[in-house]
Amino acid sequence: MATEKEYRDLYDRVAALRQQVSSRLANELTVNPQLGDALVKQLDEMLESVEKSDRIKPVPPDGGLAQLTGLGPQAAEELGATRMPAGVDAYDETVASERVLAVGDLYYLYQHERIGVFQVVQKLQELFQGGALRLSDGPGAFGLYKFDRRDVLRYTRQDRVAAYRRILGYGKGAGAANSRPNTDFHKLFTHFNNQVALFWRDKRISDVIRMRAYDPSFGSIAIVRRAGLDLRNNLKFTSYGHLNVLRVEVMQLLDEAFRILGAEDVKKLFGADNAWDVVDEVLIRYFDRRLVTSPRQRMGVTGQKVMRWLAAPHILESTRAEFETLLLDIAEDAEEWITSAQSLGLAERTEAERVLPWDRHRPVGVAARQPAPQRSARPAFSRRGGLGVYRGSGVPLNGRSRTRAPR
């Protein structure tokens with residue numbers, strides 16, 4: 001249990017140590033800036049280990065209040081002898097990784113839903129049951145039969161749409177019962193991908209123009225970290241409920257659908273080489289759909305990879321060299337996601353706006369559907385008394401009359 005004096009002395013000694021090390025290694029740090037990162041990381045780890053050891057020490061029953069107030073035999077003679085807690089666990093370290101992984105899988109499923117994979121299988125079912133497909137006893141025909149029989153055991157399309165609306169904010173309506181659509185997800189996700197892509201674009205430009213550049217203005221890890229933490233914290237509050245079970249079931253459903261679409265008898269029926277060709281052929285022939293298969297599918301794949309990266313503790317890495325190494329894993333994925341989303345008109349590249357304003361929230365659900373009150377430029381009053389009612393509003397100005405003003 002650290003006292004207030006020990007707490008103060010600890011940080012004074014750490015500050016003196018930092019100053020002494022930086023002054024003695026000033027010449028080496030100028031030539032090799034990475035050495036500074038290594039030293040800062042070692043000192044931070046030492047300080048963190050001291051704080052962790054203090055947290056696990058037993059706490060007095062009164063939490064140290066008797067020392068502070070001067071009551072009882074443990075009363076402190078001065079403020080420096082009282083108990084000083086080191087703090088609480090960091091907020092950003094309490095996000096469960098399994099929930100972020102589940103949202104990544106749901107995003108992957110949503111993009112395949114928008115492509116129309118499940119619509120294609122349902123259309124094949126209708127044609128198969130109506131005898132319009134030349135299928136009889138092949139693997140595709142048997143797969144369509146089993147797909148239909150298991151339909152009563154699965155989540156319905158309405159359940160999937162409600163989950164997309166609640167967790168990702170995609171779709172229309174107020175969302176599922178007792179829930180609010182996550183309308184901030186797409187803005188936060190686009191912002192994070194933009195910052196990751198912009199980080200590496202700035203880094204490449206910096207390396208080309210200024211050899212071995214080490215200027216924080218070129219590729220700030222703080223901006224990328226803030227964008228990632230905002231997105232991860234947003235997903236924290238929307239990934240509860242039946243998300244884990246639903247995404248496992250729908251992933252199995254997607255796998256079964258592609259086994260049917262990739263069956264030899266189904267591919268032969270449409271003259272296709274693979275399952276994706278069957279999807280495109282059915283969408284064109286029966287739905288007259290403009291194909292967005294390639295960009296949507298790549299958005300699903302790259303978006304899933306980005307959220308898998310966010311589920312790991314990489315975003316909390318403070319050392320620049322290690323952070324850049326870890327961030328390189330999703331550098332191309334973020335760039336490709338933005339390019340695919342931009343081709344569909346779903347996202348824009350940002351160059352100057354590096355910070356997403358916090359007042360991005362908009363009313364959702366019932367509040368969003370209510371029209372804004374119309375206010376006339378010149379208020380019209382009732383002839384019955386100067387302080388009557390606004391004409392057509394029914395709202396009394398003097399708090400007495402409840403009658404609507406005559407027109």
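User: Patches are made of residues with over 30% relative accessible area and no salt bridge, with like charges joined within 9 Å and nonpolar side chains (Val, Leu, Ile, Met, Phe, Trp, Tyr) within 5 Å. Which residues form a nonpolar patch on the surface?

Analyst: L65, L68 and L79. Together they have about 320 Å² of accessible area. Accessible areas come from the Shrake-Rupley method with a 1.4 Å probe, and for residues only the protein chains shown count as cover. The salt bridge in your definition is a side-chain nitrogen of Lys or Arg within 4 Å of a carboxyl oxygen of Asp or Glu.

User: What kind of model is this?

Analyst: This is a predicted model, where local features need pLDDT of at least 70, side-chain atom pairs count only at pLDDT 80 or more, and totals for chains, interfaces and linings use all residues. Residues are numbered from 1 along each chain as its sequence is written, and side-chain values use heavy atoms, with hydrogens and water left out.

User: Zoom out. How many helices and strands in the protein chain?

Analyst: 17 helices and zero strands. The chain has 407 residues, and 40% of them are buried. Its accessible surface is about 24,400 Å², with 53% belonging to carbon and sulfur atoms.

User: What share of the contacts comes from residues 24 or more positions apart?

Analyst: 71%, among contacts in the chain with a separation of 6 or more. Contact means heavy atoms within 4.5 Å.

User: Now the largest nonpolar core. Which residues touch the most other members?

Analyst: Y107, L124, L168, F185, F192, L261 and L327, out of 73 residues in that core. Helix α5 (residues 97–115) gives the largest share, nine residues. A nonpolar core is a set of buried Ala, Val, Leu, Ile, Met, Phe, Trp, Tyr and Cys residues joined through side-chain atoms within 4.5 Å.

User: What does F192 touch?

Analyst: Leaving out residues up to four places away in sequence, V224, A227, G228, L231, V306, W309, L310, I315 and I330.

User: And H112, buried or exposed?

Analyst: Buried, because its relative accessibility is 2%. H112 lies in helix α5. Beyond neighbours within four places in sequence, H112 contacts V117, L254, W276 and Q297.

User: Aromatics next. How many aromatic pairs does a search of the whole structure find?

Analyst: Twelve. Rings of Phe, Tyr and Trp (its six-membered ring) pair if their centres lie within 6.5 Å, with planes under 30 degrees apart stacked, over 60 edge-to-face and the rest tilted. F199 is buried at 2% relative accessible area, and W200 is buried at 11%.

User: Which residues form one aromatic cluster?

Analyst: Y107, Y110, Y164, Y170, F185, F189 and W337.

User: Switch to charges. How many salt bridges?

Analyst: 14 in the whole structure. One joins R201 and E335, with the closest N and O atoms 3.7 Å apart. The pair links distant parts of the chain, 134 residues apart, with R201 in helix α9 (residues 185–209) and E335 in helix α16 (residues 331–343).

User: R201 and E335: buried or exposed?

Analyst: R201 is buried at 18% relative accessibility. E335 is buried too, at 19%.

User: What about E336?

Analyst: E336 meets R298 in a salt bridge, 2.7 Å from N to O. That pair also links distant parts of the chain, 38 residues apart: E336 is in helix α16 and R298 in helix α14 (residues 293–311). E336 is partly exposed at 27%, and R298 is partly exposed at 28%.

User: Where do E264 and K267 lie?

Analyst: In helix α12 (residues 264–270), three residues apart, about one turn of the helix. E264 is exposed at 57%, whereas K267 is buried at 14%.

User: Which residues are linked in a network of salt bridges?

Analyst: D105, R247 and R308.

User: Last one. What is phi of D288?

Analyst: Near 50°, a positive value in a residue other than glycine. Most residues other than glycine have a negative phi. D288 sits in the loop between α13 (275–287) and α14. D288 is exposed, with a relative accessible area of 69%.

Methods: Buried means under 20% relative accessible area, exposed over 50%, partly exposed in between (1.4 Å probe, protein chains only). Helices (H or I, at least four residues) and strands (E, at least two) are DSSP runs, numbered from the N terminus.
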